[in-house]
Amino acid sequence: MVGSGILKGLAETARNFVGSYASEERMTTVEYPEEKLPRIEASRNFPFLVFDGDDWHAGMRCVSCQICEKECPPKCIYIEKSTDKKPDAVGKLQNYPARFDIDISVCMSCQICVEVCPFDAIKMDNAFEYFATDRFGDLVLDKQKLSRSNEYYHQIHPTEAANVDAELAAARAKAAPKPAAPAAAAAAPAVAKPAAAPEVTASTANKPAANDPAKESNG
Amino acid sequence: MSATATLPPAAMLLDSEEGSQYLEISMGPHHPSTHGVFRMNVVLDGETVIKLKPVFGYLHRNHEKIAENETYLGSMPYTDRLDYFCSLTNNWGYALAVEKLAGIEVPERAEYIRVITAELTRLQNHASLVGFLMQDMGASGTPLMYAFREREKILDLFEALTGARMMCNYMRFGGCRCDLPAGWLDWAKKVVASFPKFLDEFETLLVGNEIIMARTQGVGVLSRELAISAGITGPMLRASGVNYDLRKVDKYGIYDRFSFRVPLGDHGDVYDRYMMRLLEMRESLKILEQAMKDIPEGPFTDPKTKVRNFRPKPGEAYGRIEAPKGELGYYLISDGSPNPYRYRVRPPSLINLTVLEDMCLGRNVADVVITLGSVDIVLGEVDR
Amino acid sequence: MTLEALAALKLEIEKNVPGAIVEIITNPSVSAQHSLLIDNAHGLAVAMFLRDAPELKLDYCSNVTGIDWPSREMTEKTKVKKMVEGPDGPVEKLVDEVRKWTTPAYLEVVYHLYSMTLGTGPVILRLRTGDRGENVQVPSFYSVWRSCDLQEREVYDLYGVIFEGHPDLRRLLMWDEFTDWPMRRDYVDPDDYEYEPTAHDEVLTRAKAHYPAAAPAESGPAEDNA
């Protein structure tokens, strides 16, 4: 009979319509932002810099080796090395970034910086509720705005963070017995600082952070 | 830039030889039926299409040039953005070409993970393509929303595995970036087990529908000979009755281990092309069930392959896979440096559009819309 | 395809297409995809033969690629035995000899051919232009494989190879008024610098040209921020 196919299809839509009120598997809509889905652990958005302890500057793991800057496909990272040194996460004396900017309007969240970082210093955030009104002021994040504590890292990626902590603890235990040697070893690979690049980055120091994920609950 | 200087008027009248007038209309680049920024210059005699010239390049970013200035690894996230519906198969094609170039062995577990992710990609691509095609026919939203409801479940799986729903950037030369997280496989099994129910519903909704049959059967016919000569690949080729599926022909990866069939069409019309997608989803489910049952433990990547400072020896290689849209090939030339000397993508979407004019001549404008819909294009890949 | 099989195919082509000059280009990588270089005058005849020969049936041209090979300075150091004037008369000695040459400049088009009927392939064909300036003509395979249609247009668009016999050779991806060939190695980007806060490498050099005072205004140039 002509039209039976259409009637069958209409019966199907009716079942879906009723089901969208009654059946658990068809109720897929979530009333965002009142209601939020639980965050998937592996999800990633933009990179951040991990620090240990309470002081973001003293505890910063980044030693400004500039590998991520070189490997970043869209070249959204900009690093200047410091001239002095401070102890890194393992306890060796290392350089730290005098300047570390990420232009998150260029960043494509590919995670390659995380993969190539030998110091577990840069990780992917999963906060996505950003907004910005100023292209250069809000979307170019300096190292302070990029810093997140290790506790925050544990909060968003618990499995991965636990693995990283175990590795770091092992490295610290290895470095601990001879505290004098690593300092000399660390000094050797520190290459001469490249000629200072001209200042092409807008200053963003005084602006409040675009988003403070520490205040937000996850899930 | 003078790109805007010569934009033609949206429609103009041309004088024909017989004294009547033809209407030339510019469909696109912002037309709801073109699936992106794609333009067709269509010349009409009354309602009938007498000429159709596709215009490309609105999304052109010279992907190949970017890749020649990137490291081998650095191009991987850019491949996600070719066919942004199927980033995992794009990753696989590129990884396969590099593995051929550098002679890298892929561990068994990684091969299984690749098959699982690729077939999940095929499921969600075909489901949403059928939805889009119905949308083009005027079924506003309902089939598309059903398809997207299922697609979202698969995208959640991708997010849990790779960290991103669409821009996965997951495969690496010699394996994958990370292992399956705990519990992922059980979750995926659940999603795959619930998929046939959706397919049954979808088929009840669509397959017997008289309006769909009237609109699609005998429309946009592509002959077997033209399909072969024009290099058409994927479901579109098989709808014309050519048995050519790279999963069977090349048996890349570990596809020789799974039993599945290749659906073939008979008429090469829009109806066959759309049925091809529904049937292929069933076959993908078969492969998924086998792969999820057999997946072994072991390393997920080749430990000998370096992530950084990857320099293949000089030479060239062409690697191709059966992406959901057709044969996706990557042609690489290495000169021993960290960047490829030449990097070429063979985009199935673009080459499948070669015959768009041939399929549309003599039909009317509404048929052009669904013929284009049945080709399955993504402009990120067409324009690169 | 192994080198032996390719050598047999070369003989086959030379037998069936009189006058065709075929050269085997070896591929040193592990992929071992060697290719055949065809002379332009007999290109079309060879392509027709490959498509129609019953034992080959290469009916499917999968991929058409353009490649730019600009002229490069090559140096090779070799140790050569030479008679050198020593303190006790001439002595034979190993001397470094540096050989310098420049490679010819040309554009290349590569075709990957498969057989859908027999499931074989790839056979890889190469065509070369005379140089990168005036002699950039190669025969079009449009009449042999329809799949060359858009792909040859793309090679023309991005490399400037002129395919003789292509019925509709227009730009494909760039707009019609565009004049340069963007995929050539010596292509220079137009200087339409946009302010970028994290400038690198070439962008940094360009930034300097646009903002000679080293530091641009606090939050970029006014017109970009407006």
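## Basis

The model is predicted: local features need pLDDT of at least 70, side-chain atom pairs count only at pLDDT 80 or more, and totals for chains, interfaces and linings use all residues. Residues are numbered from 1 along each chain as its sequence is written, chains are lettered from A and ligands numbered from 1 in the order written, and side-chain values use heavy atoms, without hydrogens and water.

## Chain B

Chain B holds 15 helices and 9 strands. These are DSSP runs (helices: H or I, at least four residues; strands: E, at least two). The C-alpha trace spans about 75 × 50 × 35 Å along its principal axes. Chain B has a radius of gyration of 21 Å, which agrees with the value near 21 Å for a compact globule of 384 residues. The radius is taken over C-alpha atoms, and the globule rule is 2.2 Å times the number of residues to the power 0.38.

Of the 384 residues in chain B, 64% are buried (under 20% relative accessible area, 1.4 Å probe, protein chains only). Contacts are heavy atoms within 4.5 Å. In chain B, 70% of those with a separation of 6 or more join residues 24 or more positions apart.

## Chain C

Chain C has 5 helices and 9 strands. Their order along the sequence is α-β-β-α-β-β-β-β-β-β-α-β-α-α. Chain C is more spread out than a compact globule, because its radius of gyration is 25 Å, well over the 17 Å that the rule gives for 226 residues. Its C-alpha atoms fill a box of roughly 75 × 70 × 35 Å along the principal axes.

Buried residues make up 46% of the 226 in chain C. Among chain C contacts between residues at least 6 apart, 55% join residues at least 24 apart.

## Cavities

The count is 6 cavities of 30 Å³ or more. A cavity is a set of points on a 1 Å grid over the protein atoms alone where a 1.4 Å probe fits but cannot get out; lining residues have an atom within 4 Å of a point. Points are joined across faces, edges and corners, and a volume is the space filled by probe spheres set on them.

The largest cavity has a volume of about 90 Å³. Its lining has 15 residues, the closest to its centre being A:Cys62, A:Cys65, A:Cys68, A:Cys117 and A:Ala121.

Terms used. 1 Å grid on protein atoms, 1.4 Å probe; cavity = no way out; pocket = protein on both sides within 12 Å on 5 of 7 lines; lining within 4 Å. Buried < 20%, exposed > 50% of the residue type's maximum accessible area, 1.4 Å probe, protein only.
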